[in-house]
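Reader: Could you walk me through this structure with me? I'll ask as I go.

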Amino acid sequence: MSKAKLVYIMSLRNAAADKAGQYIDYKGGQRYMKSPLEYLAEALERTPLGDAYSLEAVLFDDDEGSPRDRQALQDYGFGFDPARQWIYPGDLQVQGRRANDIFHNVPSTYRRLPLDAAAERAAGKKEFEQRLLERLTALEADLVVLDGLLVILDQLARPESPFFRRIVNIHPGITRLESPFERRGAWATLDALYGAKGQRVVDWRTRETVAIEPVLKTGASFHYVDIGIDSGEVICDVLGTDIDPADTILELRWNNFNRSLFPALHQGLALMAETVEA
């Protein structure tokens, strides 16, 4: 049986915010912050997922011409450099290749434009998605996994796109609206931490909160990508993370990756392997 061709898309600046590939302070000690990409590479090497998928490429949207991106990646850079920190060990292998050899940049340069330049940003975003489409088509991708991509896809997620329902996202929060543990959006982990302290944020600009009953668990969802924010149909989710209200954001992030997000990524890909056409 032929393997499905898998393409992974991420934002390095999101991995940098997680201190991926570094040891973080954890309850008076230290723990290694493994990224979802590093977990996936190991799973493809060591588990039956490697029989179902071939990781063809890792695409990242960070823009070296953007001062903001350069600042966010000052400790990492835009590619592996043995003299600098990187988001995983430099010798990481995936299915017989060096992970660094399958990294490719498709920069979302439209983000340099002012927020009030709505028409220009819309045109730039459309052009960025067209470049992504061309790259995915050239790679003959069967399935696309998003991890921490800090851009909301539009054209690629619509029914007329050749990649409709072939793009999935791994999200560090439960995305089902009916769940009392629902945490969508970019602030999912911080939102969960507020919830554990008996607070719900009603305005993320001001961090205004209202009191609620504490919610002491969180998890992760593996879902199809649509044009909303973490609103696509859920393929699977894992509610496996207990929250200590005294957690730091990185302590909770580490717990949720290891107890919910990695299992949800693995289970979701295993389920998709039964349906995706190679």
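Reader: Which residues of α6 are buried?

Author: The buried residues of α6 are A188, T189, D191, A192, L193, Y194, G195 and A196, where buried means under 20% relative accessible area with a 1.4 Å probe and protein chains only. Helices are DSSP runs of H or I with at least four residues, strands are runs of E with at least two, and both are numbered from the N terminus. This is a predicted model, in which local features need pLDDT of at least 70, side-chain atom pairs count only at pLDDT 80 or more, and totals for chains, interfaces and linings use all residues. Residues are numbered from 1 along each chain as its sequence is written, and side-chain values use heavy atoms, with hydrogens and water left out.

Reader: Why is α6 largely enclosed?

Author: Eight of the nine residues of α6 are buried, so the rest of the structure largely encloses this helix.

Reader: And what do those buried residues pack against?

Author: They pack against β9 (167–171), β10, β11 (208–211), β12 (217–224) and α7 (249–272), with contact meaning heavy atoms within 4.5 Å.

Reader: What follows α6?

Author: G198 follows α6, and its phi is positive, near 75°.

Reader: Switching to the cores, which residues touch the most other members of the largest nonpolar one?

Author: Of its 54 residues, those are M10, Y53, I87, F103, F222 and L269, and α7 gives the most to this core, with nine residues. A nonpolar core is a set of buried Ala, Val, Leu, Ile, Met, Phe, Trp, Tyr and Cys residues joined through side-chain atoms within 4.5 Å. A second, separate core has 22 residues, including I9 and V225.

Key
Buried means under 20% relative accessible area, exposed over 50%, partly exposed in between (1.4 Å probe, protein chains only).
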